[in-house]
Every structure is written in structure tokens, then in C-alpha cells.
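Hi,

Here is the structure I promised to pass on.

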Amino acid sequence: MFFSQAGARPRMWEASPSEHKKWVEVFKTCDEENKGYLSREDFKVAVVMLFGYKPSKIEADAVMSSVDLNTSGILLKEFLDIVRKKKEAQLYWNEIRHIFTAFDRHYRGYLTLEDFKKAFKQVAPKLSERIILEVFRFFKK
């Protein structure tokens, strides 16, 4: 699937019931004192458990800055929304990586004009070469 520049956003994605249950369990596990929210450190542990990496200070700051000032941390509803958005972004970038790999037939890590032309001839054989060249030049900037 191709995305226009204006519409290059991850699609809305819904977690399966089992995945949703797992997220709730991770929240409860990380909320060791049953506070009803995750502190900054709790959140970091939850991200490690779900995504396999420790969030950067910038990512943790961004999440914590969005927390309601009346609470001391991330409530379950907010946590589920954050996790869903992260999962959407992860799926989106996996799709982009998959498309790029299909175009990069020689595994060079970049696309030549010839790679681009061959790919478009397969997926859109009636597309004019002029359009393909314009698209290539646009992305090369």
C-alpha cells in the first residue's frame, strides 16, 4: 500500500481481546502498589515488557507531560491509548520497511531510479514513466 504525503499516517488499529488483556495485565503488574496509575518508572518498565526497549528520556518526558495534573501518573485508559498508538506506529513502519525492501531488490539500503521503475512497472504498469520520474525526484529531495 502506498501513502500520499498528506495522508501518510498510520491507520486506526484495534487490539485483539487477548492483546488488550495483555496490556491491562502489564499495567497491573507495573502498578505494584495498586495506586491506579503508572509512575514514570512504572511506565518505562511497561514499555520494556511490551515493546522490548527502554523509552528515552524524551519519550518519557513527552508521555508524562500529557498526564492530567490531578493524577500522579498515567491512568489505565491513558496507558491503553498510548500503547495502541505505539502499536499502530510500529505496524505502519513495518509496512513501510516491507515496501522498501520489496523495491530494494539488491539489498543496498537505497533505491536507484531503475529499482523504482521496475517496482512501478509491476504494481502500476500503465503509469507513465514521466510520473515515475517525478515521484522519484520528489522523494530524492
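Before the surface numbers, one bit of bookkeeping: accessible areas come from the Shrake-Rupley method with a 1.4 Å probe, and for residues only the protein chains shown count as cover. On that basis the protein chain has an accessible surface of about 10000 Å², with 57% of it belonging to carbon and sulfur atoms.

Please keep in mind that this is a predicted model: local features need pLDDT of at least 70, side-chain atom pairs count only at pLDDT 80 or more, and totals for chains, interfaces and linings use all residues. Residues are numbered from 1 along each chain as its sequence is written, and side-chain values use heavy atoms, with hydrogens and water left out.

Overall layout

The protein chain has 6 helices and 2 strands (DSSP runs numbered from the N terminus, with H or I of at least four residues for helices and E of at least two for strands). Read from the N terminus, the order is α-β-α-α-β-α-α-α. The chain is more spread out than a compact globule, because its radius of gyration is 21 Å, well over the 14 Å that the globule rule gives for 141 residues. That radius is taken over C-alpha atoms, and the rule is 2.2 Å times the number of residues to the power 0.38. Along the principal axes, the C-alpha trace spans about 60 × 30 × 25 Å.

Of the 141 residues, 28% count as buried; buried means under 20% relative accessible area, exposed over 50%, and partly exposed in between, with a 1.4 Å probe and protein chains only. As for contacts (heavy atoms within 4.5 Å), take those with a separation of 6 or more: residues 24 or more positions apart account for 50% of them.

On charge, the protein chain carries 26 positive and 20 negative side chains, and the centres of the two sets are 9 Å apart. Lys and Arg count as positive and Asp and Glu as negative, while His and the chain ends are not counted. Each charge is placed at NZ of Lys, CZ of Arg, CG of Asp or CD of Glu.

The cores

A nonpolar core here is a set of buried Ala, Val, Leu, Ile, Met, Phe, Trp, Tyr and Cys residues joined through side-chain atoms within 4.5 Å. Which residues have the most contacts inside the largest one? They are Leu38, Phe43, Leu50, Ile74 and Phe79, in a core of 18 residues. Helix H1 (17–30), helix H2 (40–51) and helix H4 (76–103) are the elements that give two or more residues to this core. Another core, of 7 residues, lies apart from it, and Phe103, Ala119, Phe120 and Ile132 are among its members.

Leaving out residues up to four places away in sequence, Ile74 touches Phe27, Tyr37, Leu38, Phe43, Val63, Met64, Val67, Phe79 and Ile82.

Tyr37 sits in strand E1, and beyond four places in sequence its contacts include Phe27, Asp42, Ser72 and Ile74. Tyr37 and Ser72 are 35 residues apart in sequence and 7.2 Å apart in space, C-alpha to C-alpha.

Val67 is in the loop between helix H3 (57–65) and E2. Val67 is buried at 11% relative accessible area and, beyond four places in sequence, is in contact with Gly73 and Ile74. Over in helix H1 you will find Val24, buried at 15%, which touches Leu76 and Leu80 outside its sequence neighbours up to four places away.

Most residues other than glycine have a negative phi. Asn34 has a positive one, near 50°, in the loop between H1 and strand E1 (37–38), and is exposed at 67% relative accessible area. Tyr107 also has a positive phi, about 55°; Tyr107 lies in the loop between H4 and helix H5 (113–123) and is exposed at 68%.

Cheers
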